[in-house]
Structures are given as structure tokens and as C-alpha cells.
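Dear colleague,

My notes on it follow directly after the display.

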Amino acid sequence: MSVPNPERHGRLSRLHKISAATGAAAVGVTAFAFTVVPGQKSSGSVTAGSEMAAKPVALQTAADGPAAQKVSIDAQTSAADDRARAHAKAEARKKAEARAEARQQAAKKAERDRERRLAASRSAERTKASPSGSPKQVARQIIGSETQFQCFSQIVERESGWNIHAQNPSGAYGLVQALPGSKMSSAGPDWRNNAATQVKWGLNYMKDRYGSPCGAWSFWQSNNWY
């Protein structure tokens, strides 16, 4: 059985105490470093480890705050811009559709007006093409100009006396004594009995040969024929 060495035992005791104290301090530093948060004051002394741990957390929070706000503001601004663009497009589309509808309505109205004018013109042509009354009244309606009608009338009075069936032994026929009478078929197949057909043929003949009924009357006065 060995005898305890009092000096060696004392040294071991002191080492154990130092190790225990050092471990406790290390644990305290570690715990303190992970529990300290920015802006919180701790009682007692602040270890070097806790101060080093607190500084990066505080800096990161300060840096992340404005950046996150900027991202949020940018996102909201972008969304507002998108809504504004969509609204502008919708309004532009509505205006374009309204203009197209207005153009379509204007085109329809113009077409209706054109059809009414054509109908009125056709009606007037039918009225003009189918005059009624005595041969003299028919001639006045077809010729239009009173001056030219008077010249035309002077010739017809002397040629046929306004008799649509007047016939000359030479073969001349009708109001204007066309020779032969069948020439008037170019104005219509009813040339034998229709005053309007005879007047139209005689009017065209006078215009082509003498320029007008008054030109034909001037020639007739000098020659007693035309």
C-alpha cells in the first residue's frame, strides 16, 4: 500500500479547479454569445465573444430592412403600372370600336342616301321617258327648253300638223315626216303610234344634222324642208 503524496495531491486539486473554472467560463461565453440580441443590454460584463456575435446580426438587419422595403415598393409600383397599362389598352380598344361602329353607321347611311337618290333619279327618268298628254304636250316635256320647243313646233306644224299618223305619198311618216317612216324604229318599235317615240327620233335628227331644233327651223325657213 502506497502512501499518499500530499504535494502531488495538492497540485491535482488546483488543476481540477482551474479546469472547472475555465470550462464554466467557456460555457458562459458560448451561451452569452448566442443569447445576446441587438439592442438588448445585458447585466454585468459583456464578453468579447458576445460583442463579436452581436455586431454582424445588427449590421445584417440594418442592411436587409431598406432592401426589403425597396423590393416591396418596386413590386407595388410595377403592379400599379401594369394595371394602368391594362386600363389604357381597354380604353383605347373601346374608343377604336366606337370609331369603327361610327364609320360603319356612316357608310350604311351613305348607302341608303345613294339608293334613295338613285330611286328618285330612276323615277324621274321613267317620268321623262313616259310623258303623257297630247303630242304637243309630250314634245314640250321631252325637249324641256321652251325656246327649242317653239322651233321644233314650227317645223312639226308645217310638216304634219301634230298628227302622228300623217303620211306623205313619198313615204314620209309621222310628226316630223321621217323618210321613210321606218327610220324612227331606232327610237322604239312603237314608232307608228307613239308620239314620244316620234318626238325623240325627230329631236335627235335635228340635233345631229343642224345642232338643235332652232338650227333646223332656220334651215327650213330658207328651204321649206329640212
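Which residues of helix α3 (residues 135-143) are buried? In this predicted model, they are Val138, Ala139, Ile142 and Ile143. Viewed along the axis of α3, these buried residues fall within an arc of 120°, so they line one face of the helix. After α3 comes Gly144, which has a positive phi, near 85°.

To place this helix in context, the chain has six helices and zero strands. Read from the N terminus, the order of elements is therefore written α-α-α-α-α-α. The chain has 226 residues, of which 21% are buried. Among contacts with a separation of 6 or more, 34% are between residues 24 or more positions apart.

I turn next to the cysteines. The count of disulfides is one. It is formed by Cys151 and Cys214, whose sulfur atoms lie 2.2 Å apart. This pair links distant parts of the chain, with Cys151 in helix α4 (residues 146-159) and Cys214 in helix α6 (residues 213-223), 63 residues apart. The torsion about the S-S bond of Cys151 and Cys214 is about 85°, so the disulfide is right-handed. Both Cys151 and Cys214 are buried.

The loop between α4 and α5 contains Ser160. Is Ser160 buried or exposed? Ser160 has a relative accessible area of 13%, and because buried means under 20%, the residue counts as buried. Neighbours within four places in sequence aside, Ser160 is in contact with Ala166, Gly174, Leu175 and Gln177.

Finally, there is the matter of open space. The largest pocket holds about 260 Å³. It is lined by 13 residues, and those closest to its centre are Val176, Gln177, Ala178, Leu179 and Tyr226. Which helix gives the most to the lining of the largest pocket? That is helix α5 (residues 195-210), with three residues. Sorted by class, the lining consists of eight nonpolar, two polar and three charged residues.

With kind regards

Technical notes:
Residues are numbered from 1 along each chain as its sequence is written. This is a predicted model: local features need pLDDT of at least 70, side-chain atom pairs count only at pLDDT 80 or more; totals for chains, interfaces and linings use all residues. Side-chain values use heavy atoms; hydrogens and water are left out. On a 1 Å grid over the protein atoms alone, a cavity is a set of points where a 1.4 Å probe fits but cannot get out, and a pocket is an open set with protein on both sides within 12 Å along at least five of seven lines; lining residues have an atom within 4 Å of a point. Grid points are joined across faces, edges and corners, and a volume is the space filled by probe spheres set on the points. Helices (H or I, at least four residues) and strands (E, at least two) are DSSP runs, numbered from the N terminus. Ala, Val, Leu, Ile, Met, Phe, Trp, Tyr, Cys and Pro count as nonpolar, Asp, Glu, Lys and Arg as charged, and the others, Gly among them, as polar. A disulfide is a pair of cysteine sulfur atoms within 2.5 Å. Buried means under 20% relative accessible area, exposed over 50%, partly exposed in between (1.4 Å probe, protein chains only). The arc is that of the directions from the helix axis to the C-beta atoms. Contact means heavy atoms within 4.5 Å.
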